[in-house]
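User: I would like to go through this structure and ask what lies behind the labels attached to it. Please set each value against its cut-off.

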Amino acid sequence: MRNLFAFLAGGLFGAGLLVAGMVDTTKVQGWLDVFGNWDPTLAFVMGGAVLPMIVVWRIAARRERSLLDLPMPQDFPKLVDRNLVLGSLMFGAGWGLVGLCPGPAIGALGFGGWQVALFVLAMCAGMAVAPLARRGLDQLDAENDV
Amino acid sequence: MHQDWIWGAVGGLMIGAAAALYLLANGRVLGASGILGGLIDRSGRNSTVERLSFLAGLIAIPPLLVPLYAVVDTHVTSNPVLLIVAGLLVGIGTRLANGCTSGHGVCGMSRFSLRGFVATVFYLLGGGLMLVLARHVLEVI
């Protein structure tokens with residue numbers, strides 16, 4: 001059941017990304033290009049997703065276990081640190097350069113040609129070396145005694 | 001153009017519904033980079049099949065809907081250097097930050113998480129700066 005619902009959530013997520021036009025890199029880059037022909041679609045997508053989730057988090061907060069009797073998420077990290085800021089800047093830079101973020105890139109694998117496949121491959125490689133990057137940054141911090 | 005906004009909001013609601021389903025049924029935060037990244041660095045080895053099932057749905061369902069449209073074009077660049085550099089940046093960046101547009105953006109901001117808002121500000125900033133640099137200054141995209 002747990003895996004069936006994970007499949008359904010992934011499918012609905014992908015369908016939403018397609019319907020919203022988020023698999024179209026011109027829409028994403030159009031949103032980021034404030035000095036060009038600015039496209040506000042992404043704000044409507046984000047708003048459409050965030051507003052119902054505000055209510056859902058309130059429902060979730062009242063539950064000890066999920067509908068499938070699994071533990072609810074808890075102990076969210078609260079620390080705003082260098083990795084959060086630096087990582088988000090790096091992610092944004094890559095997102096702006098090509099117009100794909102992880103969800104739409106994976107969702108477009110089935111119809112996006114070799115270009116999307118190459119992007120996802122590079123993204124996986126980046127994810128594989130990320131723990132090394134994290135350790136390297138921590139080491140720099142230790143050496144500089146920050 | 002206005003139709004794009006309406007479909008954007010409809011698609012956004014579907015994304016919100018998917019996040020709601022994953023949270024309420026599976027007790028999980030829907031974050032694309034975390035679900036994939038946890039498989040790659042093995043930090044999610046206790047939920048491998050659940051993660052694979054999510055990714056299977058995400059990969060399998062959109063192509064089934066593509067025929068409903070006259071054209072679905074990603075308009076993605078065919079420059080392999082740009083694709084590789086951007087993919088590496090997105091891969092490393094989302095794992096350092098522990099989230100992307102879905103985890104920090106959709107799920108983080110909706111529970112008023114400070115980390116979600118900070119991440120969103122900085123990935124928008126990084127994206128905007130890179131776009132201006134690459135398109136209007138260097139003119140490579």
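User: Where is A:K27 found, and why is A:K27 counted as buried or exposed?

Analyst: In this predicted model, A:K27 sits in helix α2 of chain A. A residue is called buried if 20 or more other C-beta atoms lie within 10 Å of its own. A:K27 has 21 C-beta neighbours inside 10 Å, so A:K27 counts as buried.

User: Which residues is A:K27 in contact with, leaving aside its neighbours within four places in sequence?

Analyst: With those neighbours left aside, the contacts of A:K27 are A:G21, A:M22, A:D39, A:T41 and A:L42. A contact requires C-beta atoms within 7 Å.

User: What makes α2(A) largely enclosed by the rest of the structure?

Analyst: The count of buried residues: 7 of the 8 residues of α2(A) are buried, so the helix is largely enclosed. Those residues are A:T25, A:K27, A:V28, A:Q29, A:G30, A:W31 and A:L32. They pack against α3 and α4 of chain A, together with α6 of chain B.

User: How is chain A divided into domains, and what does α2 of chain A have to do with the contact of domain 1 with domain 2?

Analyst: The domain assignment gives domain 1 as 1–76 and domain 2 as 79–146. Taken over C-alpha atoms, the centres of domain 1 and domain 2 of chain A are separated by 19 Å. Their contact takes 10 residues from domain 1 and 8 residues from domain 2. On the domain 1 side, α1 (2–20) and α2 (25–32) of chain A are the elements that give two or more residues. By class, that side has 7 nonpolar, 3 polar and no charged residues.

User: Why is A:D75 called exposed, and what is noted about its phi?

Analyst: Exposed means 12 or fewer C-beta neighbours. A:D75 has 5 inside 10 Å, so A:D75 counts as exposed. A:D75 lies in the loop between α3 (41–61) and α4 (82–98) of chain A. Its phi is positive, about 55°, although A:D75 is not a glycine.

User: What is the phi of B:R42, and why is B:R42 counted as buried or exposed?

Analyst: Phi of B:R42 is near 65°, a positive value in a residue other than glycine. The loop that holds B:R42 runs between α2 (32–40) and α3 (48–65) of chain B. The limit for exposed is 12 or fewer. B:R42 has 9 other C-beta atoms within 10 Å, so B:R42 is exposed.

User: At what angle do α5 and α6 of chain B pack, and which residues make the contact?

Analyst: Helix α5 (residues 101–110) and helix α6 (residues 114–137) of chain B pack at about 145°, with axes 8 Å apart. The contact is made by B:H104, B:G105, B:G108 and B:M109 of α5(B), and by B:R115, B:G116, B:F117, B:A119 and B:T120 of α6(B). By class there are 3 nonpolar, 5 polar and 1 charged residues; Gly counts as polar in this scheme. The crossing of α5(B) and α6(B) is left-handed.

User: How many helices and strands does chain B have, and what share of chain B is buried?

Analyst: Chain B has 6 helices and 0 strands. Of its 141 residues, 55% are buried. Among contacts in chain B between residues at least 6 apart in sequence, 44% join residues at least 24 apart.

User: How many residues of chain B are in contact with chain A, and which element gives the most?

Analyst: 99 residues of chain B are in contact with 103 residues of chain A. On the chain B side, α1(B) gives the most, with 22 residues. The residues of that side divide into 63 nonpolar, 27 polar and 9 charged.

User: How confident is the predictor in the complex and in chain B?

Analyst: The complex has an ipTM of 0.97 and a pTM of 0.96 from the predictor. Chain B averages a pLDDT of 97, and 99% of the residues score at least 70.

Notes:
Residues numbered from 1 in each chain as written. Chains lettered and ligands numbered in written order. Predicted model: local features only at pLDDT ≥ 70, side-chain atom pairs only at ≥ 80, totals over all residues. Axes fitted to C-alpha atoms, helices over the stretch in contact; angles between N-to-C directions. Helix = DSSP H or I, 4+ residues; strand = E, 2+ residues; numbered from the N terminus. Left-handed = near helix turned anticlockwise from the far one by under 90°. Contact = placed C-beta atoms within 7 Å. Domains from an automatic or database assignment. pLDDT = per-residue confidence, 0-100.
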